[in-house]
Amino acid sequence: MGSTPTFGQGAIQVMTASTRSVVTAAGATALAATAFVRVDPPLVGLIPALLLGVGAAVFAAGWPRLLGVPAQRGSSVVIALTGWAALGSAVLTQMFSYLPAILAGGVIAAFVHQMLRKDGRPRLVESLSATVAGVIVAVFAAGWVTTITRFLQADARAHPNPTALILTAACALTVACVATAFTPRAIAGTAATLAAGVLGALLGWIFPAVGLVAGAALGACLGLLQSSVQHAFELFPSSRRVRPALSAALLPVLAAGVPVYTIARVIANLGV
């Protein structure tokens, strides 16, 4: 009897690092486009949340396969449901403060999933760690939505215009994808971080609501995120398979939600 192929063995390998960069850039561009779509309260942020919900589902479907852990279907369900709960909370409550509770619930669900396994629980720690990591990424995606909803709250103070901030972040992430795809591997990380930081600073200068310093910091952060993810998952042969590759490509887009929200809060509180 043959063993089940893992980490891309016996599978058609069609997704290269450049292809994953294109998918990441496409996701960032689509997210930037949703920032221009206006929805009246109380459903502000609904369109980005729907797009991110699709992204979270695709990410969840491929994440356990990417890492080659057992009990993949249950892990995907936990990750997707937690991500959807976070996005729904961000739209309906328009607050970031509920997301830690949802994250905690996702971690508990990951433990429950492992307890319900009936396969003898091989590689328990790996499977649990992979599920929790996926839950964190899925919840982070809601940061994009709370960046939008926070702007409309009465106590938002100097919270930057979300359209300008999201456009800056998406453009910085896109140029980081270009840098990682078309520069030598030895300098790809540095090139992506510098290119995204410079573009972020330029867009921050163009958009006074963001500012040069905050734009540069946000761009450098997203450039580092993209290059790190790209380099890390090159070590996984499974990243050349379609579903795991889509998961790896969407990770920077989803995970960038909290850095974007954090920069927005810094701008509001410090006026940088």
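Is Phe 96 buried, partly exposed or exposed? Select it: Phe 96 has 24% relative accessibility, so it counts as partly exposed (buried is under 20% relative accessible area, exposed over 50%, partly exposed in between, with a 1.4 Å probe and protein chains only).

Before moving on, a word on the model: it is predicted, so local features need pLDDT of at least 70 and side-chain atom pairs count only at pLDDT 80 or more, while totals for chains, interfaces and linings use all residues. Residues are numbered from 1 along each chain as its sequence is written, and side-chain values use heavy atoms, with hydrogens and water left out.

**Aromatic rings**

The structure holds four aromatic pairs (rings of Phe, Tyr and Trp, the last by its six-membered ring, with centres within 6.5 Å; planes under 30 degrees apart are stacked, over 60 edge-to-face, the rest tilted). Tyr 261 is buried, at 10%.

Next, pick Phe 233 and Phe 236. Their ring centres are 5.6 Å apart and the planes at 55 degrees, so this pair is tilted. Phe 233 is buried at 8%, whereas Phe 236 is partly exposed at 23%. Now show Phe 59 and Trp 63 too: ring pairs link them with Phe 233 and Phe 236 into a cluster.

**Ser 227**

Go to helix H9 (residues 212–233), where Ser 227 sits. Ser 227 is buried, at 8%, and its side chain reaches the backbone oxygen of Leu 224 at 3.1 Å. Leaving out residues up to four places away in sequence, Ser 227 touches Thr 180, Ala 188, Gly 189, Ala 192 and Thr 193 (contact means heavy atoms within 4.5 Å).

**Asp 119**

Where is Asp 119? Look in the loop between helix H4 (99–115) and helix H5 (124–140). Asp 119 is partly exposed, at 42%. Its side chain makes a polar contact with the side chain of Arg 117 at 3.0 Å (N or O atoms within 3.5 Å, one able to donate a hydrogen and the other to accept it; residues adjacent in sequence count only if both atoms are side-chain atoms).

Notes:
Helix = DSSP H or I, 4+ residues; strand = E, 2+ residues; numbered from the N terminus.
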